[in-house]
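Welcome, and take a moment to look over the chain before reading on. We will walk through it a few places at a time.

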Amino acid sequence: MTQMEAELGALRAAAAERLSAADGVDAVEAIRHDLLGRSGRLTALMKNLGLAPAGERPALGRLANEVRTEVQGAIDGRLAELRAGDLDERLAAEELDMSAPARSIRVGHLHPVQTLMRDLRQVFHAFGFEVFEGPEIETDAYNFELLNIPPDHPSRDLWDTLYVAEPGSIEAGDSRPAADGTILRTHTSPVQLRAMQALDAPIRVITPGRCFRYEAVDASHAFEFFQVEGLVVDRDTSLADLKGMLEEIARALYGRDVRTRFRPGYYPFTEPSVAFDIGCLVCGGDGCPACKRTGWMTILGAGMVHPVVLRNGGFDPDEFQGYAFGMGPDRMTMLRHGVSDIRLFFSADVRFGSQFAEGR
Ligand code: PHE
């Protein structure tokens, strides 16, 4: 046996052994490079064929070709084997259990304050009220002046106002309220005027919406909150109608047994004005921290629409009367669910919100 024959034989055996030990596609490609690459061992051997004695060349050439074909075949075979193994592994790993129960779909729900406002809308709808909405960004005129609250009236202190700055004044280091009176509305009462100006009598509307006040935030005060205003304007309506309506609404919301009472109140845009209380839902009227030991909780302010406001809305107070009320759905929601801190409503914490899934 010539030396070249021996080398070819050794290479053939080594290739088979290395290939069966190769455990990945990369390892096989490295072997291909080692043996068949441009400076691979088999390639080098074949280049040297010319140095063999002329008589041996044909036989050596045949043997070399045979080895090369065999090595190539073995490489391709091993690659196919490894790839099939990968697939088997993946099929096993990615197996789908068609009998597994489906993952439940999490459906969202209303915020608890929105749920309460939806319930309010339904109750008022049954009493013939429609929804009439006004803008959150208001003017001083609608928020105050047309509601019979002149610029320097002390009652303005009741509504700590967030002003919109005069354009450019902040940049100039001299921030001041916009000269055109643009503010964030502090209550939904301005919508009384907008409704009176837009609608003909008889008017029966509620005006739910967001309000803003410059408040020190604590467990019972937020700088943004909701109100639902009610307004009725008709030719023959009285304080007795207001009282009857509010008592019915309290029963619809809190049950037939709810206790109610009216107290005198003060608002510049209603005359007379009242505060409306219900028996404390927490202690049932015995007195507890939630009702400040009075047994009562105030849920809204109300009154007969002031003649000046009726006139500003385009109605003759000698011919028309109206009553109005404003309630706080945030506080009502706190009462409904025993929530002790109003800030939770604005916390965007799903652990809090997801407890109120009844609002579907
Ligand atoms: N706007 C009043 C407030 O924010 C509530 C109110 C509305 C009172 C309508 C009387 C009539 O406190």
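The peptide bond leading from E271 into P272 is cis, with omega near -5°. A cis bond also joins A201 to P202, again with omega near -5°, and P202 lies in the loop between α7 (190-198) and β4. For background, most residues other than glycine have a negative phi, and most peptide bonds are trans.

A word on what you are looking at: this is a predicted model, in which local features need pLDDT of at least 70 and side-chain atom pairs count only at pLDDT 80 or more, while totals for chains, interfaces and linings use all residues. Residues are numbered from 1 along each chain as its sequence is written, and side-chain values use heavy atoms, with hydrogens and water left out.

Now turn to phi. R293, in the loop between β7 and β8, is not a glycine, yet its phi is positive, about 65°. R293 is exposed, with a relative accessible area of 60%; here buried means under 20% relative accessible area, exposed over 50%, and partly exposed in between (1.4 Å probe, protein chains only). A348 is another residue other than glycine with a positive phi, near 55°. Its place is the loop between α10 and α11 (350-353), and at 77% relative accessibility A348 counts as exposed.

Helix α5 (residues 112-126) has 15 residues, and its end C-alpha atoms are 21 Å apart, which agrees with the 21 Å it should span at 1.5 Å a residue. The expected span is 1.5 Å times one less than the number of residues. Among the buried residues of α5 are P112, L116, L120 and F124. The elements that cover its buried residues include β4 (203-212), β5 (224-234), α8, β9 (321-327) and α10 (329-337). Just after α5, G128 takes a positive phi of about 90°.

Helix α8 (residues 239-254) has 16 residues and reaches 22 Å from its first C-alpha to its last, close to the expected 22 Å. Its buried residues are L242, M245, L246, I249, A250 and L253. Seen down the helix axis, these residues fall within an arc of 135° (taken from the directions from the axis to the C-beta atoms), so they line one face of α8. In general, an α-helix has 3.6 residues a turn, so residues three or four places apart point the same way. Just after α8, G255 has a positive phi of about 100°.

Which residues line the largest cavity? They are L246, I249, A250, L253, F276, I299, L300 and M327. α8 and β8 (296-305) are the elements that give two or more residues to this lining, and α8 gives the most, with four. The largest cavity has a volume of about 30 Å³. On a 1 Å grid over the protein atoms alone, a cavity is a set of points where a 1.4 Å probe fits but cannot get out, and lining residues have an atom within 4 Å of a point. Grid points are joined across faces, edges and corners, and the volume is the space filled by probe spheres set on the points.

Finally, find L147 in the loop between α6 (140-143) and β3 (182-184). L147 is buried, with a relative accessible area of 0%. The C-alpha atoms of L147 and L193 are separated by 7.8 Å, although the two residues are 46 residues apart along the chain. Beyond its neighbours within four places in sequence, L147 is in contact (heavy atoms within 4.5 Å) with residues including Y142, H187, L193, F269 and V309.

Key
1 Å grid on protein atoms, 1.4 Å probe; cavity = no way out; pocket = protein on both sides within 12 Å on 5 of 7 lines; lining within 4 Å.
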